[in-house]
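I wanted a record of what I looked up in this structure, in the order I looked it up. The entries cover confidence, cores, salt bridges and surface.

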Amino acid sequence: ELTNTGKHAAAVSEAYTWSGRLWMMGWWPEKPVRGEPAFQIGRFAQYAWGREGDFAWEPLPRGMYSVGSAGGASGWSRPFCMIRNNSTGEIVIADLAWSGNWTLEVLNDDQRHGYARRVEVYLRAGISGPAPLRVLAAGESVTLPPFHLGHVFGDVDAAAQSLHEHLRRSVLPPLPEGVPNLVCSNHYGYTESESVTDDYLLDEL
């Protein structure tokens, strides 16, 4: 929650739900940096219709890596990524529960001094857009979107399953007893030029 504790209105130019360090490795024998690249980032690489869900890994470059959406709605470009530590086999899952403009930024601070190497990886996630995002009156509060951060040892399937389990257990409301799982019918392509009626949808189902 973001609160203006001042006596005057305040413009909010940036708002990040979460910001912090994920890893600090190197310069210590117990935390060596292995592999080149040391880290990879996985995300949905395609945002076009019909290509949504096209997940791909790529090397995490040194310096700042930023991805986001400025189309007014997240749509197919979900505010989600995974970061894999190739030295340890860990994966961090980052998922911002937001349907508007968003930004995910990863800082790969890879410092090398001769044979010595230290890597620190930072992540921040939040809403984005032209400043000001919002002007808060004195004493006014707004709730920022939730951010879900997971940490697992395993492959991408284990990471995805962990996220699904978290959502079912802690985010999605439970169904009332005796009520089966709801069915989603996504047939826009078949109904674009049709008159949609109850009978039509029942026939589709």
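My entries follow, starting with the ground rules.

**Ground rules.** I am working from a predicted model, in which local features need pLDDT of at least 70, side-chain atom pairs count only at pLDDT 80 or more, and totals for chains, interfaces and linings use all residues. I number residues from 1 along each chain as its sequence is written, and side-chain values use heavy atoms, with hydrogens and water left out.

**Confidence.** I looked up pLDDT, the predictor's confidence in each residue, from 0 to 100. The mean for the protein is 87, and 93% of its residues reach 70 or more. I then went through the elements, taking helices (H or I, at least four residues) and strands (E, at least two) as DSSP runs numbered from the N terminus.

**Cores.** I took a nonpolar core as a set of buried Ala, Val, Leu, Ile, Met, Phe, Trp, Tyr and Cys residues joined through side-chain atoms within 4.5 Å. For burial I used relative accessible area: buried is under 20%, exposed is over 50%, and partly exposed is in between (1.4 Å probe, protein chains only). The largest nonpolar core has 23 residues, and Trp23, Phe39, Ile83, Val106 and Val121 have the most contacts inside it. Strands that each supply at least two residues of this core include E3 (15-26), E4 (39-44), E9 (102-113) and E10 (116-127). E10 gives the most, with four residues. I also noted a second, separate core of eight residues, among them Phe80, Met82, Ile91 and Leu163.

**Contacts.** I counted a contact as heavy atoms within 4.5 Å. Leaving aside neighbours within four places in sequence, I found valine 121 in contact with residues including Trp23, Phe39, Leu60 and Val106. I checked serine 69 as well, which is found in strand E6. Serine 69 counts as buried at 10% relative accessibility. With the neighbours within four places in sequence left aside, serine 69 touches Ser74, Ser77, Asn101, Trp102 and Ser128.

**Salt bridges.** My criterion was a side-chain nitrogen of Lys or Arg within 4 Å of a carboxyl oxygen of Asp or Glu. The structure holds eight of these. One joins the side chains of glutamate 105 and arginine 124 at 2.6 Å, N to O. Glutamate 105 lies in strand E9 and arginine 124 in strand E10, so this pair ties together parts that are 19 residues apart in sequence. Glutamate 105 is buried at 15% relative accessible area, whereas arginine 124 is partly exposed at 27%.

Glutamate 140 and arginine 134 form another, at 2.8 Å, N to O. I have glutamate 140 as partly exposed at 25% and arginine 134 as partly exposed at 42%. Salt bridges with shared partners join Arg21, Arg118 and Glu120 into one network.

**Surface.** Last, I looked up valine 179, which sits in the loop between helix H1 (156-171) and helix H2 (188-191). Valine 179 is partly exposed, with a relative accessible area of 38%. Together with Leu175 and Leu182, Val179 makes a nonpolar surface patch of about 290 Å². Patch residues have over 30% relative accessible area and no salt bridge, with like charges joined within 9 Å and nonpolar side chains (Val, Leu, Ile, Met, Phe, Trp, Tyr) within 5 Å. The areas come from the Shrake-Rupley method with a 1.4 Å probe, and for residues only the protein chains shown count as cover.
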